[in-house]
Structure formats: structure tokens, C-alpha cells
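I open this notebook to record what I looked up in the structure shown below.

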Amino acid sequence: MKAFYADHYVLPLPPGHRFPMEKYAQLRDLVSQLDGIELENAPAITDTQILYAHDPSYLIKVLQGKLSPQEQQEIGFPWSAQMVERSRRSAGATLAAAQSALTEGIAANLAGGTHHAYRNKGSGFCVFNDSAIAARALQREINPNLKVAVIDLDVHQGNGTASILENDSSIFTLSIHGENNFPFTKERSDLDVGLPDETGDAAYLATLHQSLEILDTRFKPNCIIYLAGADPHEGDRLGKLSLTQEGMRLRDEAIFQYGLDRQIPIAFSMAGGYGKEIQSTVNIHFQTIQTALHFQQQCG
């Protein structure tokens, strides 16, 4: 199974910044010890591909370092050349994973899930929307008949993805998230399920299975981009949904089983994770990779 990484592009962040930049390198170290994983350096997404999902004027501002202080504040990162390159690589990794999944069943982006980026602005640590870019790039460059489902199980609603793809009937957006969490103004996905705080494993998994049935009835995807956020976990300081580590594993299994049963390729990204202990976030991401690898070995 191919896994694409971009953790060697490190942002120069001020001390005490709450973005857990170091989790990506820690995750790659763990993944490198697994049999059956092929680690690959993420390619950079091109300007043309970024424009499948973003406004030209926004792209120019990002590339030229012309984002206003307010725009940088909304993104949550100060502008730097490294920020631009890392954002290109992170989106490139999701597209590369999606291209690999089409032939190999399942592939991973060890970062990605930058679902708060809108067509004309960044937000919430997200500069370019990797899922929207990848879905459109697959359709425009590989197969115009692909029906892509973006299944977003980060604890925060995929507001940017929903907004960019709102009028695109060829891409289905599904977001299961904490209702009382950021972003506080929600957008409209094709299917949104906002869950209360302290939801727990049983209610979460029941909701997920029900949502996958609705997806199957309404859309029948032939390609999936899955955002496997670690932040629904009970150890996450921003999450509030209180899933156990086992609940997180069963969540991932439900998605990969859905794909395996229907022979649907899945590209997945790690998305958010803000554990009180960074190790708990890394462990959940690693568990997702292990679960995916188990299923990928059954693809064929």
C-alpha cells in the first residue's frame, strides 16, 4: 500500500503554536516499520490543479505572499514559502493517493484533510482544499465519469469542501461532525450529521452505518476520498465526541469494509488530531494505517 508524506516541509511556527506539526514525522517513523507499506515523497500539486477548486485571485495571493494579516490569521499560519510548498505537497499527496487507489484499491496521505479551505480563502490550518482538488483532478485528468464521495469523519465539519462542491452533482459530500464544534457557521454538505458532545462509540457507529446506507441509496460512488480525523477520540482536546480507541478502529473498519464490499477504491488522509498527548493522536492515525493495510491486502 502506498503512503505519501510531506512532513519534511516544516512550517516556521512561533513557540507554543497549537498546530501539532511534529505528529507527521512521528507517524511516518512508525509507518516505515510496517511490512507492506511503500512510503513515497508527495508530489506538488500544480497551479492548474489548484484552480479546479480555487479562485485564481486567491491562488495568486498565496503564491506571492499577499495574504492580509487577517487572512493569515484565519488560516492560522503566518505566510512563508514553506507554507506554500507544504500546502502544495499535502494536496498533491491526496491526489497521488487517489490515483494509486484506482489501481491498487487503497492508498494513504499521511497528512491532508484540509477541508476548511474555501474557493477564495483559507481557514482553520487549511490553505488549499486537497479533497476537492483531488476529486476534480481525477474527473478531469483520468475519468470524467467518476462519481466521487468525500467521506469526512474529522470532528469538524468539512465546511470548505461543502461550499466548493455545493452545486457539483458528480461529487457527494458527507460530513459527520460535532455539532457544537468549529466551524460555528456550518455549510451544507450533501449529507450532514451534527452529533452532540459525549456521543460515544455506539451512537457514533450507528450514525455512520446509517449514513453509509443513505450514501449508497442516493449516490453509489465509484471512488471515495476519506478524511480519517483522529479528533473524535476521547483524548482529543478539541474533539468532545468521546470515542474510544476501539471505537475509532471500528469507524475506520466500517469505511474500508464499505469500499471492499463494493470494490470502490479509497484514498484516505489523516486530517485533524489534537490529542492532549500527541502520542495518542499519532497512535490513532497509525491504527488507521494498519486497518487500511489489512483491507488493502484483501483488494484484488
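Entry 1. I looked up which element gives most to the lining of the second largest pocket; in this predicted model, α5 has the largest share, with four residues. I noted that α5 and α9 each supply at least two residues of that lining. The volume of the second largest pocket is about 160 Å³. It is lined by 16 residues, and those closest to its centre are Gly 105, Gln 263, Ile 264, Pro 265 and Cys 299. I sorted the lining by class and recorded 10 nonpolar, five polar and one charged residues.

Entry 2. I turned to the largest pocket, for which I noted a volume of about 400 Å³. Its lining counts 27 residues, with Phe 19, His 116, Gly 124, Phe 125 and Tyr 274 closest to the centre. Helices α4 (69–75) and α5 (81–104) each contribute at least two lining residues, and the largest share, three residues, is from α4. By class I recorded 11 nonpolar, 12 polar and four charged residues in this lining.

Entry 3. I then examined α9 (residues 245–262) and α10 (residues 278–296), whose axes come within 10 Å and cross at roughly 30°. The crossing of the two helices is right-handed. Among the α9 residues that meet α10 I listed Met 248, Phe 256 and Leu 260; the α10 residues in the contact include Ile 284, Ala 292 and Phe 295. The residues of this contact divide into six nonpolar, six polar and four charged.

Notes:
Residues numbered from 1 in each chain as written. Predicted model: local features only at pLDDT ≥ 70, side-chain atom pairs only at ≥ 80, totals over all residues. Heavy atoms only, no water. Axes fitted to C-alpha atoms, helices over the stretch in contact; angles between N-to-C directions. Left-handed = near helix turned anticlockwise from the far one by under 90°. Contact = heavy atoms within 4.5 Å. Nonpolar A, V, L, I, M, F, W, Y, C, P; charged D, E, K, R; others polar. 1 Å grid on protein atoms, 1.4 Å probe; cavity = no way out; pocket = protein on both sides within 12 Å on 5 of 7 lines; lining within 4 Å. Points joined across faces, edges and corners; volume = space filled by probe spheres on them.
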